[in-house]
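Biologist: I would like to learn how to read the surroundings of a ligand in a structure such as this one; could you take me through it?

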Amino acid sequence: QYAAVKEVLAGRYAIGDTVTVRGWVRTRRDSKAGISFVNVHDGSCFDAVQAVAANDLANYSSEIQKLTTGCSVAVTGQVAESAGQGQDFELQATAIEVLGWVEDPDTYPMAPKRHSMEYLREYAHLRPRTNVAGAVTRVRHSLAQAVHRFFHEKGYFWISTPIITTSDAEGAGELFRVSTLDMMNLPRTDKGDIDYTQDFFGKEAFLTVSGQLNVEAFASSLSKVYTFGPTFRAENSNTSRHLAEFWMIEPELAFADLEDIASLAEDMLKYVFKAVLEERPDDMAFFAQRIDKEAITRLQHVVDNDFVHMDYTDAVEILQNCGKTFNYPVSWGVDLQSEHERYLAEEHVGAPVILKNYPRDIKAFYMRQNEDGKTVAAMDVLAPGIGEIIGGSAREERLDVLDDRLAEMNLPAEEYTWYRDLRRYGTVPHAGFGLGFERLVAYVTGMQNIRDVIPYPRSPKNADF
Ligand code: 4AD
Ligand code: MG
């Protein structure tokens with residue numbers, strides 16, 4: 001009977017039941033009385049289960065006493081009440097089979113001590129074995145599941161938008177180009193002969209920066225839709241909140257305005273925070289203890305309180321009069337920097353804040369112009385510790401206004417033909433937003449660097465593995 005560590009620790013088995021757990025050794029401790037305590041984790045939950053092995057086991061001195069962190073084992077034993085603190089159950093081992101040794105324990109990169117996050121990034125393939133990566137991975141999973149559940153329950157359809165595309169959805173020019181390579185006829189080592197300038201079957205194509213434009217087409221028919229997938233930005237930023245490859249959740253809602261999606265964003269964040277607090281208490285307790293002592297209280301506060309809304313124009317005034325010196329001075333019309341966003345969320349409000357109605361000149365071409373002619377119906381959700389986690393807007397559904405905007409921004413209308421069609425045939429007011437999934441995971445866990453909340457970070461300095 002194979003059991004997950006989680007099931008044993010949760011009391012799914014009766015005392016005296018014989019079960020086998022399979023996993024990796026976290027620690028081993030030997031007592032003088034000829035008993036070894038081997039802690040085994042399998043990722044199913046934060047904790048490892050303690051296996052108690054006595055020296056009457058056949059391989060006690062030949063193998064069990066040689067187990068080190070990272071060895072893989074199958075432990076068969078009887079479920080017993082645990083005398084130790086922290087856990088109710090342990091296994092009285094009747095057999096420990098070693099599945100895989102750690103070749104050279106002294107050089108095993110994941111020795112049981114505290115490693116820096118930078119160090120762990122160099123071992124992206126072994127990093128999953130650590131407590132912190134395990135906890136991040138489970139929380140990330142729960143958040144993704146909760147996002148899908150939230151939209152499903154509200155009647156949204158999940159649309160898979162393309163990764164290879166010819167449109168620049170943000171019009172910001174931060175694109176990775178895709179080429180077709182005929183690698184088949186080339187030895188892998190002879191890369192000198194590859195023609196890297198070739199396009200995507202004769203056409204210029206890119207990795208998508210956002211699924212928004214594509215999902216707008218589906219909102220113009222299925223009314224309530226969202227996309228959740230990888231997106232790519234060729235911005236050369238080495239910051240703790242930028243990745244070249246990140247996942248984005250983008251709902252798009254027909255017959256909706258800015259206020260509708262502002263409340264959608266609030267409802268969604270509350271829903272997923274509540275879900276993770278309920279589903280991952282152990283992992284969240286770890287984050288609160290080791291990474292950020294407010295990890296849990298912060299989420300609970302968001303769940304329990306209404307979001308503060310603020311106009312960009314008022315935010316500028318607050319920033320100008322707050323008496324703080326910023327690296328970048330603030331005046332009406334500037335794009336807010338992370339230091340400004342963080343001041344507003346962290347110090348001024350003390351919780352996430354929804355900033356609305358930004359100057360049109362700093363925002364994307366598709367955002368709906370307000371009556372004042374100066375601002376657009378845009379919103380960003382700014383979070384303490386991170387800054388922007390969500391960016392969204394009402395969309396410009398009026399073809400003439402959209403065309404003027406494209407021309408003003410020197411974006412060729414031909415490249416947006418199909419997008420313009422949506423305004424030519426049965427256009428409706430609609431709105432949506434994009435939530436950066438890694439920024440969400442960073443906010444929830446309190447992890448300082450976005451590279452540590454994605455399994456394999458891609459940034460100018462991280463592209464191995
Ligand atoms: O503000 P952005 O660029 O908006 C869009 O892409 C819209 N098309 C979304 C929409 O309305 N459907 O990006 C949205 C979010 C940001 O708020 C941020 O959380 C995240 O995506 N993001 C990044 N996350 C990690 N690394 C990067 N380089 C990011 N760029 C944006
Ligand atoms: Mg943005």
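**Reading a ligand shell**

Modeller: The residues of the shell around ligand 1 divide into eight nonpolar, eight polar and eight charged, where Ala, Val, Leu, Ile, Met, Phe, Trp, Tyr, Cys and Pro count as nonpolar, Asp, Glu, Lys and Arg as charged, and the others, Gly among them, as polar. This is a predicted model, in which local features need pLDDT of at least 70 and side-chain atom pairs count only at pLDDT 80 or more, while totals for chains, interfaces and linings use all residues. Residues are numbered from 1 along each chain as its sequence is written, chains are lettered from A and ligands numbered from 1 in the order in which they are written, and side-chain values use heavy atoms, with hydrogens and water left out.

Biologist: How many residues surround ligand 1, and which are the closest?

Modeller: A residue is near a molecule if one of its heavy atoms lies within 4 Å of it; here 24 residues surround ligand 1, the closest being E170, Q212, E235, E250 and E388.

Biologist: Which strand supplies the largest share of the shell?

Modeller: Strands are DSSP runs (E, at least two residues), numbered from the N terminus, and strand 15 gives the largest share, five residues.

Biologist: What lies 2.6 Å from a nitrogen atom of ligand 1?

Modeller: A polar contact is a pair of N or O atoms within 3.5 Å, and at 2.6 Å from that nitrogen lies a polar side-chain atom of E170. For R395, a polar side-chain atom is 2.9 Å from an oxygen atom of ligand 1.

Terms used: Polar contact = N/O pair within 3.5 Å; in protein donor to acceptor, adjacent residues only side chain to side chain. Helix = DSSP H or I, 4+ residues; strand = E, 2+ residues; numbered from the N terminus.
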